[in-house]
Amino acid sequence: MDHFLDKSHGKFSFSPDETPALKITPGTGETIGFETSDEVYAQLHEFRDMDKLTVGINPVTGPVYVEGAQPGDALAVTIHEIRLKDRGWSVSLPGSGALQQVMGKDMFTRRIPIDEAGVHVTGRHTFAPQPMIGCIGTAPASGSNSTIMPSTPQGGNMDLVQCRAGSTVYLPVMVEGAYLSIGDIHAIMAEGESSFVAIEAEGTAVVSVDVVKGMTLRAPRVETAEEWIFVGLGDPVQESITRGYEDMFDFLVTGNGWDRGDAYAVMSAVGHSQLGGPTGSADPDPLHPFNAVGAVTIHRLPKDVL
């Protein structure tokens with residue numbers, strides 16, 4: 001890789017007020033390695049007590065200042081590789097995740113070995129790694145966005161399995177330079193992330209960055225080899241679904257010149273919708289900061305229809 005940002009550059013917000021860790025020229029093909037940290041999970045495993053933590057939850061590495069990126073543009077972040085280290089973690093945080101009632105108040109933690117054989121989730125279940133980036137985003141125009149929840153139009157902790165090697169993530173630029181940060185690598189994660197933390201792992205995401213001038217987005221977008229994926233953000237979930245479908249419709253009609261009726265009919269046939277990550281799309285209840293409000297949805301359009 002051409003540039004490497006180690007985990008000492010970890011931050012706990014997306015903000016234009018941070019000093020850039022790196023400045024790059026987009027479109028050169030140069031690659032940047034973002035190393036992420038699993039220290040919080042190691043400490044949870046050791047102490048099983050959030051009050052004893054000496055580090056924050058879910059740091060992102062960066063930010064990277066992208067020359068020439070201006071508000072109204074989009075960053076195109078191509079993920080080339082995600083390198084894992086030798087361990088991951090399964091953790092239940094009391095009061096979080098879809099299984100909080102059945103897991104109870106006691107914290108569960110497990111160190112998950114990762115080696116050439118795979119990800120050793122239990123003594124008899126070893127899965128092939130499927131590494132992905134849980135948290136990726138740019139800075140808002142002012143203030144800061146959380147690296148935990150909610151997900152925002154600039155990205156954040158979306159926890160989408162499609163943010164993997166071979167994909168390109170498109171993010172709105174809200175401030176000059178964009179201020180790209182990446183964190184929260186998972187060794188493997190089921191869609192929907194029932195646990196809220198999946199199999200967390202330390203690693204390095206290797207990406208390259210380009211700027212798409214004038215590509216105004218109201219939410220992130222992911223391009224894979226097979227699909228375009230539109231992220232819906234809203235409260236309640238039906239609003240998320242509507243927004244994601246509207247963005248898909250606009251992509252076909254405005255972006256690709258389709259007839260409105262054709263777009264409507266094709267989307268009805270092959271435009272799939274499902275829940276994304278569990279971090280929500282609106283600020284959580286301050287009394288229950290791990291309980292999501294609103295929904296993150298994804299809307300998948302096969303590229304072969306284009």
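Which residues form a nonpolar patch on the surface? Leu99, Val102 and Met103 form it, with about 290 Å² of accessible area together. The structure is a predicted model, in which local features need pLDDT of at least 70 and side-chain atom pairs count only at pLDDT 80 or more, while totals for chains, interfaces and linings use all residues. Residues are numbered from 1 along each chain as its sequence is written, and side-chain values use heavy atoms, with hydrogens and water left out.

**Surface patch**

- Patches are made of residues with over 30% relative accessible area and no salt bridge, where like charges are joined within 9 Å and nonpolar side chains (Val, Leu, Ile, Met, Phe, Trp, Tyr) within 5 Å. A salt bridge is a side-chain nitrogen of Lys or Arg within 4 Å of a carboxyl oxygen of Asp or Glu.
- Accessible areas come from the Shrake-Rupley method with a 1.4 Å probe, and for residues only the protein chains shown count as cover.
- Val102, one of the patch residues, is found in helix H2 (residues 100-103); helices (H or I, at least four residues) and strands (E, at least two) are DSSP runs, numbered from the N terminus.
- Val102 counts as exposed because its relative accessibility is 67%; exposed means over 50% relative accessible area, buried under 20%, and partly exposed in between (1.4 Å probe, protein chains only).

**Helix H1 and the residue after it**

- Helix H1 spans residues 39-47, and its buried residues are Val40, Tyr41, Ala42, Gln43 and Leu44.
- These buried residues pack against strand S7 (74-92), strand S8 (108-115) and strand S16 (199-212).
- Arg48 follows H1 and lies in the loop between H1 and S6. The phi of Arg48 is near 50°, a positive value in a residue other than glycine.
- With a relative accessible area of 43%, Arg48 is partly exposed.

**Aromatic pairs and a charge over a ring**

- Rings of Phe, Tyr and Trp (its six-membered ring) pair if their centres lie within 6.5 Å; planes under 30 degrees apart count as stacked, over 60 as edge-to-face and the rest as tilted. By this rule there are five aromatic pairs.
- Tyr65 and Tyr179 form an edge-to-face pair, 5.7 Å centre to centre with 80° between the planes. This pair links distant parts of the chain, 114 residues apart: Tyr65 is in strand S6 (residues 60-66), and Tyr179 is in the loop between strand S14 (168-172) and strand S15 (180-188). Both tyrosines are buried.
- Trp228 and Phe251 form a tilted pair, 5.0 Å centre to centre with 50° between the planes. This pair also links distant parts of the chain, 23 residues apart, with Trp228 in strand S18 (residues 227-234) and Phe251 in helix H3 (residues 237-255). Both Trp228 and Phe251 are buried.
- Ring pairs link Tyr170, Trp228, Phe230 and Phe251 into a cluster.
- The charged end of Lys23 sits over the ring of Tyr65, 5.0 Å from its centre; the criterion is NZ of Lys or CZ of Arg within 6 Å of the ring centre and within 35 degrees of the ring normal.

**Backbone features**

- Most residues other than glycine have a negative phi, and most peptide bonds are trans.
- The peptide bond from Met149 to Pro150 is cis, with omega near 5°. Pro150 is in the loop between strand S12 (145-146) and strand S13 (155-156).
- The peptide bond from Asp235 to Pro236 is cis, with omega near 5°, and Pro236 is placed in the loop between S18 and H3.
- Ala198 is not a glycine, yet it has a positive phi of about 55°. Ala198 lies in the loop between S15 and S16 and counts as buried, at 9% relative accessibility.

**Two buried isoleucines**

- Ile79 lies in strand S7 and is buried, with a relative accessible area of 1%.
- Leaving aside neighbours within four places in sequence, Ile79 is in contact (heavy atoms within 4.5 Å) with residues including Ile133, Cys163, Val169, Val206 and Val207.
- Ile79 and Val222 are 143 residues apart in sequence and 11 Å apart in space, C-alpha to C-alpha.
- Ile32 is in strand S5 (residues 32-35) and counts as buried at 1% relative accessibility.
- Beyond neighbours within four places in sequence, Ile32 is in contact with residues including His3, Leu22, Val64, Val206 and Val207.
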